[in-house]
Amino acid sequence: MRNEENPFVVTGHIKPEYFCDRKDESERLIKLLSNGNNVVLKSDRRMGKTGLIQYCFDKPAISEKYYTFFIDILHTTCLPELVHELGRAVYEQTMPRGKKVTQRFLKALRSLNGKFGFDAVTGTPTFSVGLGDIEQPEYTLEEIFGYLQQADRPCIVAIDEFQQVGKYPEKNIEALLRGQIQKIGNCHFIFAGSEKHMLGLMFDNRSRPFYKSADNMTLEAIPRDIYIEFICQQFSEKGRQIQPEVAGTVYDMFEGHTYYVQKTMNEAFSNTELGEECTLDMVMHSLQDVLDGNGSLYKEHLSKITLRQKTLLYAIAAEGWASQITSAAFIKQHNLSSASSVQAASKKLLEEELVVEESKRYRLSDRFFAMWIKRTMLA
C-alpha cells in the first residue's frame, strides 16, 4: 500500500516543495503587506488565491513579524455570519498562544458576555458562540478589531470572496466595514475575490466607501512552460515519469486553471505506480474517474434549473467560451427559443454561479462540469 505524499495538492496546506511558481506574485504581496498596504487580490475561483495567501503567511517575512488570520466568507449571507467567522478565526489563532491570551480575547467581546463555554478537561474557554448569540454584530465587530489593535504584533487579516459583503441585506455595510478598518493602525487587510467586476466596482468607484483603499493584484494562470516543468519534476522526484507533451495537454485542456490541472494530475499520479510512466491514456482515464465521481452532484445541479436554463447551459458548455449568446446565429445553432428567454436564463445561471461572464463571454464556472456535460449529456 502506498504511503507517500501526492505532490499535487488540491486541499489544505501546501508545503513549499509542492507549491508551483507564483514567485513574482508572492514577492509583490509580501512587499505590499510589509510596507503597510491593504491589497485587493482578484482571480477566477480556484485559481490559487488561498494557496498564495497561505504560502505568503508561512514566509518568515510575515510569520515572524505578524499575526495572520484567514476567513472565507463565500457562504455567508449577512453581517452576523461574517462577524462569527472572523471571531472564530481570531479565537483559533489566539488559542495556541496560551490560556491567558485566549481569555483576554474572550473578555474583549463584551457584547457576547456569558455566551462562551469551557472545555471540561482543560477549563479553557471555548468559542461556542452561535449565530443567534450575535445580537449586535456591529458592536462585536468593533470589539474584535479593538482586540487586534491592542495586539503585541501587527496583524494581517485575509478575507476571501470579499465581494460577498455587497450581497448582504444590511444597509451601508461597506461604509460600516470601511469605518471600522480605518480605525485600526495595527492591522492590514487582503480583500480577495473571484467576482472581479464586483470587486472593481467596490474599490475603483469614487462613490463607494472602499474607493482606492487598497492596491490591486490579479492572479492569472501560471505560465505554461513553468507548470509543465513543475509537473514533470514532481513525477520524476517520486520515481515516475510523464512526458512534457502529456502535461501540456492537461494544461491546455483547462487553460492552466490551477485547481483543474492539480486535481487531474493528483488523480493521474495516484494511478501511476513507482517506476511507471503516466501516459495520456492514463491521464484521460483518471480524468474520467474524477468526472464520474462528481456525477451525482452535477445531476443535482441540473435538477434545480428549468429546461430553458438547462438548454442554455448545454449550449455554453458545448462552446467552451460562448459569445453573443442572444444573437440569431447562436440561438439557431443551439435550438434556443428567443433572445429574451436566453437573456432571462443567463441571468439566472449567473446568479446561481453555474456560469461566469468575462468580457461579454460566458463559460461554466466549473470546468469539470462543462466537460461532464459534453461527455454525458451531449454525447
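Colleague: Why is Val 250 called buried?

Modeller: Buried means under 20% relative accessible area. Val 250 has a relative accessible area of 0%, so Val 250 is buried. Keep in mind that this is a predicted model.

Colleague: Where is Val 250 found, and which residues does Val 250 touch?

Modeller: Val 250 is found in helix α10. Leaving out residues up to four places away in sequence, Val 250 touches Val 261, Thr 264, Met 265 and Val 283. Touching here means heavy atoms within 4.5 Å. As for Gln 233, 17 residues from Val 250 along the chain, the C-alpha atoms of the two are separated by 15 Å.

Colleague: What makes α10 and α12 meet, in terms of residues?

Modeller: On the α10 side there are Val 246, Thr 249, Val 250 and Met 253. On the α12 side there are Leu 280, Val 283, Met 284 and Leu 287. Seven residues of this contact are nonpolar, one is polar and none is charged. An α-helix has 3.6 residues a turn, so residues three or four places apart point the same way.

Colleague: How do the axes of helix α10 and helix α12 cross, and is the crossing left-handed or right-handed?

Modeller: The axes of α10 (residues 244-253) and α12 (residues 280-293) come within 9 Å and cross at roughly 35°. The crossing of α10 past α12 is right-handed.

Colleague: How do you know that Thr 94 counts as buried?

Modeller: The cut-off is under 20% relative accessible area. Thr 94 has 0% relative accessibility, so Thr 94 counts as buried. Thr 94 has its place in helix α4 (residues 79-94). Not counting residues up to four places away in sequence, Thr 94 touches Val 101, Thr 102, Phe 105 and Tyr 147.

Colleague: What lies 2.9 Å from a polar atom of the side chain of Thr 94?

Modeller: The backbone oxygen of Tyr 91 does. A polar contact needs a pair of N or O atoms within 3.5 Å, and the value here is 2.9 Å.

Colleague: Why does Ser 213 count as buried?

Modeller: Ser 213 has 13% relative accessibility. Buried means under 20%, so Ser 213 counts as buried. Ser 213 lies in the loop between α8 (196-204) and β7 (215-218).

Colleague: Which residues is Ser 213 in contact with, leaving aside neighbours within four places in sequence?

Modeller: They are Asn 38, Arg 178 and Phe 203.

Colleague: Which residues of α8 are buried, and what do they pack against?

Modeller: The buried residues of α8 are Met 198, Leu 199, Gly 200, Met 202 and Phe 203. They pack against β1, α7 (173-182) and β6.

Colleague: What makes β6 a mostly covered strand?

Modeller: Seven of the seven residues of β6 are buried. Cys 187, Phe 189, Phe 191 and Gly 193 are on one side, with His 188, Ile 190 and Ala 192 on the other.

Colleague: What is the order of the open sheet of five strands, and which are the edge strands?

Modeller: The order is β2-β5-β6-β1-β7, with parallel pairing. The edge strands are β2 (67-72) and β7, each of which pairs on one side only. From one strand to the next, the twist averages 15°.

Colleague: How many bridges join β1 to β6, and how many join β5 to β6?

Modeller: Strand β1 (residues 39-42) and strand β6 (residues 187-193) run parallel and are joined by four bridges. Two strands pair if there are at least two bridges between them. Val 39 stands opposite Ile 190 in β6, and Lys 42 has Gly 193 as a bridge partner. Five bridges join β5 to β6, which also run parallel. Ala 158 stands opposite Ile 190 in β6.

Colleague: Why are β10 and β11 said to stand at the edges?

Modeller: The order of that open sheet of three strands is β10-β12-β11, with antiparallel pairing. β10 (322-323) and β11 (355-358) each have a single partner strand, so one side of each is left without a neighbour in the sheet. Four bridges join β11 to β12 (residues 361-364). One of the bridge pairs is Glu 357 with Tyr 362 in β12.

Terms used. Residues numbered from 1 in each chain as written. Predicted model: local features only at pLDDT ≥ 70, side-chain atom pairs only at ≥ 80, totals over all residues. Heavy atoms only, no water. Helix = DSSP H or I, 4+ residues; strand = E, 2+ residues; numbered from the N terminus. Buried < 20%, exposed > 50% of the residue type's maximum accessible area, 1.4 Å probe, protein only. Axes fitted to C-alpha atoms, helices over the stretch in contact; angles between N-to-C directions. Left-handed = near helix turned anticlockwise from the far one by under 90°. Nonpolar A, V, L, I, M, F, W, Y, C, P; charged D, E, K, R; others polar. Polar contact = N/O pair within 3.5 Å; in protein donor to acceptor, adjacent residues only side chain to side chain.
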